[in-house]
Amino acid sequence: MNEKVLQTLEYNKIIDMLTEKATSDPGRKLCRDLHPFDDINVINEAQTQTSDALSRLFKKGSVSFGGNKDLGYTLKSLGIGSALSITELLNIAGLLENVNRIKSYGKKEREDENTDSLDSFFSALEPLSPLAREIRRCILSEEEISDDASPALKHIRRSMRIANDKIHSQLTNMLGGSCRTYLQDAVITMRNDRYCIPVKAEYKNQVPGMIHDQSSTGSTLFIEPAAIVALNNQIKELFLKEQEEIKKILAGLSAQAAEHIDTISQNQSIMTTLDFIFAKASLAMEQNATAPVFNTDGYVNIRKGRHPLLDKKKVVPIDIYLGKDFDLLIITGPNTGGKTVSLKTTGLFALMGQAGLHIPALDRSELSVFTEVYADIGDEQSIEQSLSTFSSHMTRIVSILNQADKDSLCLFDELGAGTDPTEGAALAIAILDYLHKRNIRTMATTHYSELKVYALTTPSTENACCEFDINTLQPTYRLLIGIPGKSNAFAISSKLGLPDHIIQEAKTQISQENISFEDLLADLENNRITIENERAEIASYKEEIKLLKEKLLKKEDKIQETKERILREANEKARDILQEAKDVADETIKVFQKAGPGASMKDLEKTREKVRGKITEQNDRLSLKSKPSQKKQPAPKQLKLGDSVQILSMGLKGTVSSLPDHKGNLFVQCGIIRSQTNIKDIVLIDDIPVTKPSFSAHSGKSNIKMSKSYSISPEINLLGKTVDEAIAELDKYLDDAYLSHLSSVRIVHGKGTGALRKAVQGHLKKVKYIQSFRQGEHGEGDAGVTIATFKS
């Protein structure tokens, strides 16, 4: 592919975007060197790799190849037996650790997961974990070798620490001892890698030793005391031994790495390739791009393509097709309407696709493999070469005509512009006709009406236009293939305020044929807009019908599913009930057979009643429950203490134990439970019967039943009774009243001598469920009455 077109179509900017997605230097270099291929098999393989990497990014997230350094020089050094530096060994360890991470990233999550084109790359990686661990064990950083790298190094460094400690100990004693007055500062310093102390110049003879340095003023001399010279010498010797041992360690590690030169080289090559492939996938993810389908038939079909260098939130997607029904497309329309963008989008997509990059368009977009793409776009006039705009265009056009063949794609922007319109149009038609007769795929933009007529009258040639909204004087950037563009100069001028008489005068300068042609284009445009609106309305109706149909089908499916579920559950319940009835019958038959002729009628009757009870229970389960009768809610004034009510929300029955307050809240005694509720949540019911056991004979069988019901009065009259009779009757009455959930009772005993009143009140003290009692007040019977209140 010629370098000129790569610059013209801004392919280099796409490569810059791709390079930013790579995470290693070798990967970035591979990205910068990427050029379009012309072999369809190579192209398809590259597109498949990009697609597979994109799928992995969506499934597992991003991956970094930052540990992949360029090891070319390092591997050559290993090849000739040289020892590597600390940095080079750390780079090898970093690569191998990154290889281990990438290999784990490439492992399948499930054994039945489909393979892809990247599996071979991941499986070929060899992490060499033992070598990486050994390097990391021996080398802590670029400045530090571990003490545990070798026993000898550990011993040397231990000796160095001991010698240092001795020096510091002796120097510390000197600083705090007799030498203190001779020192400029009580510090220990280093000069020429030897420990020294700062001594005042006038006392240099008082401190025996070697002078290594002096201050800038000469007032301070840095003397190595004679007492530590031997120790300093020892440290120097140990330092040299340490460096020698480090060289041995690095040589040993280098020898281990040299055993795996081929594996390390292969790892780096694979890591670089994977970094490059995943960079392409990352770019595709950012651009929301898809893999195009390639052919060798010269057919291009771009579906909703977006130029990758424009803001994807603002760019208007366009549909472009070429090479099937026509091989020459002539695009007309106003300036800044999107004609040039359409050309560049087509050419750039061809370059990107053939380089293995996805294109920002809908899936199933198609591209052809072109051996060359030629583009004459932009103005390259040259003052130095005395070339005008027309001349520079024509120079490039001549070059294109000499080199293009049937496997080329040619793009011309404003063909024939920059000279006399009549001659320019004639030249443009001749150039396009020459390419058309050679079956070369060509796209050209123009303002010449003659080219519109040429496209309408020439087979396998098609018009296209960039839509323009006259009302807003703004282009819509939509490319409409099959419709020639209309010149909007008069309409735009009128909207911008040019006087009508000038516009009318201008129209008289145009031939009648041109006017008729422009009117025809206007009618075609109006018809197109009408048809598109109707088509959009029909599509909307179809979509609505489709949604309604889907809802209806879902509803039918749900009804059918519910019906089947109900029948299934009913059958299961019926089967369970029949099985239970069968089991009961079998058990009863066994009992009767076992009993024999001498069995007790009482036992047989119990068994029969048990069977009857179970049958009744099954009938109750199968029968439909009748709806509870609607009962009117009582008014607050209608309620009295002891009234029988039902709490609707709880389904409980009880008696009123307190009257409603101003909010309608009251207490209802439900058995042993005293529940607070609201008057709106209760209804009056018939009195709850209070029964006691009685016995009746029936066919010689004894059956206990509750048959006698009676209501308890809130008052008992004990007048005329003796103390014993009154207390016995009062005791029974209190039990019944408490069971009936009365909150209080009125006991009439009269005044008289007061003996009966005293006996009644004494008895009330002994009753556990009596909370309190009091003498009647005025209007209640005074001293002849006692009011007793039950515990809640």
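Select helix 6 (residues 86-106) and helix 11 (residues 261-287): the two pack at an angle of about 55°, with their axes 10 Å apart. Axes here are lines fitted to C-alpha atoms, for helices over the stretch in contact, and angles run from 0 to 180 degrees between N-to-C directions. That angle makes helix 6 oblique to helix 11; angles under 35 degrees count as roughly parallel, over 145 as roughly antiparallel, 65 to 115 as roughly perpendicular and the rest as oblique. The crossing of this pair is left-handed, a term for a near helix turned anticlockwise from the far one by less than a right angle, with right-handed used if clockwise.

This is a predicted model, in which local features need pLDDT of at least 70 and side-chain atom pairs count only at pLDDT 80 or more, while totals for chains, interfaces and linings use all residues. Residues are numbered from 1 along each chain as its sequence is written, and side-chain values use heavy atoms, with hydrogens and water left out.

Stay on the first pair and show side chains. On helix 6, pick Ile92, Leu95, Leu96, Asn98, Val99, Ile102 and Tyr105; they meet Ile264, Asn267, Gln268, Met271, Leu274 and Phe278 of helix 11. Contact means heavy atoms within 4.5 Å. Sorted by class, this contact has ten nonpolar, three polar and no charged residues. Ala, Val, Leu, Ile, Met, Phe, Trp, Tyr, Cys and Pro count as nonpolar, Asp, Glu, Lys and Arg as charged, and the others, Gly among them, as polar.

Now zoom out to the whole chain. Its secondary structure comes to 21 helices and 27 strands, taken as DSSP runs numbered from the N terminus (helices H or I, at least four residues; strands E, at least two). Of the 792 residues, 40% count as buried, where buried means under 20% relative accessible area, exposed over 50% and partly exposed in between (1.4 Å probe, protein chains only). Among contacts in the chain with a separation of 6 or more, 65% are between residues 24 or more positions apart.

Next, the cores. A nonpolar core is a set of buried Ala, Val, Leu, Ile, Met, Phe, Trp, Tyr and Cys residues joined through side-chain atoms within 4.5 Å. The largest one has 93 residues, and those with the most contacts inside it are Leu18, Ile92, Ile139, Ile145, Leu274, Phe278 and Val373. Helix 11 gives the most to this core, with eleven residues. Select Val373: leaving out residues up to four places away in sequence, it touches Met1, Asn2, Val5, Leu9, Ala350, Leu351, Leu409 and Leu411. Apart from this core lies another, of 21 residues, including Ile400, Ala428, Leu435 and Tyr454.

Move to helix 2 (residues 11-21), whose buried residues are Tyr11, Ile14, Ile15, Met17, Leu18 and Thr19. These pack against helix 1 (3-8), helix 3 (25-32), helix 11 and helix 12 (339-354).

Helix 10 (residues 229-258) is the next stop, with two partners. Helix 8 (residues 129-138) packs on helix 10 at an angle of about 170°, with the axes 10 Å apart, and the two are therefore roughly antiparallel. Look for Leu131, Glu134, Ile135 and Cys138 in helix 8, which meet Ile249, Leu253, Gln256 and Ala257 in helix 10. The residues of this contact divide into six nonpolar, one polar and one charged.

Helix 9 passes helix 10 in a left-handed crossing. The residues in contact include Ile156, Arg157 and Ile167 of helix 9 and Leu238, Glu242 and Ile249 of helix 10. By class, this contact has twelve nonpolar, five polar and five charged residues.

Then go to Gly338, in the loop between strand 10 (328-332) and helix 12. At 13% relative accessibility, Gly338 counts as buried. Its C-alpha atom is separated by 9.2 Å from that of Cys465, 127 residues apart along the chain. Setting aside neighbours within four places in sequence, Gly338 is in contact with Cys466 and Tyr477.

Finish with two backbone angles. Asn192, not a glycine, has a positive phi of about 55°. Asn192 lies in the loop between strand 3 (189-191) and strand 4 (194-200), and is exposed, with a relative accessible area of 58%. Ser460, also not a glycine, has a positive phi of about 55°. Ser460 lies in the loop between helix 15 (449-457) and strand 15 (461-469), and is partly exposed at 36% relative accessible area.
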